[in-house]
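My notes are kept in the order of looking.

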Amino acid sequence: MPTDIKKRAATRGIKELDRGVLLGQAVRQASVTTKGVVGSRGSGEETEGEWSAAQRESDRIAQLGARTLRKGVRAFGRAPGRRTAMECRAGMGAGRSKSSRDETEREAPIRDIRRRSEARMGRRAAEAARSSVRSRAQGAARARTAGSAHQAARTSRRTARASRAAATRFARMAALQARAGIAALGSLGAVAAVAVVVICLVGLVAASAFGIFFSGGDMGDGNPTLREAVAALDAEHEARIEQKKASEAHDEVALSGSTTPWRDVLAVFAVKVAADPSDPRDVITLDDARMDSLRSVFWDMNSIEVSLEERQVTEVGNEEGDAGETGTVKVLRITLTSRTADEMADAYGFDTEQREILSELLDERYDAAWRTVLHGVAGDSGEIVEVAASQIGNVGGQPYWSWYGFGSRVEWCACFVSWCANECGLIESGAVPKFSYCPTGVQWFKDAGLWRAGGEEPQPGDIVFFDWEGDGTSDHVGIVESCDGRTVETIEGNSGDACRRNAYDVGSASIMGYGTPMY
């Protein structure tokens, strides 16, 4: 082949190899472009689309560079000078002709160029391939990171929306003040979500009329607890009845009416003090000023009216037929008059907001809360204690013995316990028996397996049986109001012919035992 043709073939091969070098540089440029595409965008579908396009372009250029490199190599392989050199190396004799040596010498520079070009192209192509792979891996990682950031952004937006909604609900609860606050406290029973709201609202609720629900225990400030204040005022009421009885000479006492339930008294007191538009004060603690306010509300809602009546009676004649004597009996009639919460709202001139809070406090949804504050127990056992406490001050046992079915007065302590149980539906449910004779009640609880011996610590709502004579027969019965581990507080009917509170040591020999209803 003429020398000029061989040179042209070699030159074409070198150009192809140089083109491969240029394409390798393009691969690196495509990698840089790919990084820029991923790095300059935040996240989302747009970034993912641009990354895919850059990746495809990088792959296309890399493949084209590889094909061009192979093509250049093949061009060198097809060059006449390469075939001549191979023939010379495989010569047919031991010696070589001068022309063959001259041809080999002319081919040497071309072979040197080819080796250097092939080595250089190989290194560059390998580096381009590695760079392309690294770029794709880094781009994919950035895309995944961008996707995670995008997801995190969506989650953050959802959290923000939830926070705004929670803030709105909290603002509404704060605006409704005690109503929303006590509703949050009533779902404690619950637990979790509820905790943050309660912590945030506790100060607000405590400062409102609903703070009365926080006043049941000892605040450690030297002031009486709410239950102690209630017991003191009940004792004052009983003492006034005794004063009325002592003020007039009489032969009999007839007492009628009842006192206002304590929840009504406390609700009116809480609204009057804590919701006073001009001078609101919390009702959590009972200092002297608040105690005076509670006493004032109690006597505004409870009054004792006394009248003396004379009744003519004729004694029955004797067996000899003599007519009986006619005489006069003086009857001291004591009437307990109570006023409702609505009547007191009118008397105190409560405004619309105060009336709304008063109505909410007395809603039946808070019955358990009232029992807890007043008696330390929230279940049905607290209900019977509450009913019994509402009867404190009754004298003579009416209506208990007449409700039971007796036509005249009898020893009525058991009738009182049965009446209280009936008011709570406990007789109908079978939790407490109807009995008027104490030993009958003892036997019922023992047969039912609901008996606890004296000396043990009772629970509020237990039925306490007494044995004054120590002869093994119960003489008296009452209802346990509370027990602190040392002292048993009771409410008893027919205690001095009246309903009153009493207290005994847990280990008192007079306590025979307790009936323990399954409330």
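The entries below go from confidence to helices, then to rings and backbone.

**Ground rules.** I am working with a predicted model, in which local features need pLDDT of at least 70 and side-chain atom pairs count only at pLDDT 80 or more, while totals for chains, interfaces and linings use all residues. Residues are numbered from 1 along each chain as its sequence is written, and side-chain values use heavy atoms, with hydrogens and water left out.

**Confidence.** I looked up pLDDT, the predictor's confidence in each residue on a scale from 0 to 100. The protein chain has a mean of 74, and 57% of its residues reach 70 or more. Residues 37-46 have pLDDT below 50, and this stretch has 15 contacts in the model beyond near neighbours in sequence. A contact here means heavy atoms within 4.5 Å. I also noted residues 79-97, where pLDDT stays under 50 and the model has 20 contacts beyond four places in sequence.

**Helix terms.** Helices (H or I, at least four residues) and strands (E, at least two) are DSSP runs, numbered from the N terminus. Axes are lines fitted to C-alpha atoms, for helices over the stretch in contact, and angles run from 0 to 180 degrees between N-to-C directions. I use roughly parallel for angles under 35 degrees, roughly antiparallel for over 145, roughly perpendicular for 65 to 115, and oblique for the rest. A crossing is left-handed if the near helix is turned anticlockwise from the far one by less than a right angle, and right-handed if clockwise. For residue classes, Ala, Val, Leu, Ile, Met, Phe, Trp, Tyr, Cys and Pro count as nonpolar, Asp, Glu, Lys and Arg as charged, and the others, Gly among them, as polar.

**α8 with α11.** I found that the axes of α8 (residues 262-274) and α11 (residues 352-361) come within 10 Å and cross at roughly 150 degrees. The two helices are therefore roughly antiparallel. Their crossing is right-handed. On α8 the contact is made by Ala267, Val268, Ala270 and Val271, and on α11 by Gln354, Ile357, Leu358 and Leu361. By class I get seven nonpolar, one polar and no charged residues.

**α8 with α12.** Helix α12 (residues 367-375) packs with α8 at about 95 degrees, with the axes 11 Å apart. This pair is therefore roughly perpendicular. Trp262, Arg263, Leu266 and Ala267 of α8 meet Asp367, Trp370 and Leu374 of α12. The contact divides into five nonpolar, no polar and two charged residues.

**α7 with α9.** Next I checked α7 (residues 226-247) and α9 (residues 288-301), which pack at about 45 degrees with axes 11 Å apart. They are therefore oblique to each other, and their crossing is right-handed.

**Aromatic pairs.** I noted 18 aromatic pairs in the structure. Rings of Phe, Tyr and Trp (its six-membered ring) pair if their centres lie within 6.5 Å; planes under 30 degrees apart count as stacked, over 60 as edge-to-face and the rest as tilted. Tyrosine 400 and phenylalanine 416 have ring centres 5.2 Å apart and planes at 75 degrees, so the pair is edge-to-face.

**Backbone.** A cis peptide bond joins glutamine 398 and proline 399, with omega about 25 degrees. Proline 399 sits in the loop between α13 (380-390) and α14. Asparagine 494, a residue other than glycine, has a positive phi near 60 degrees. I placed asparagine 494 in the loop between β7 (487-492) and β8 (500-505).
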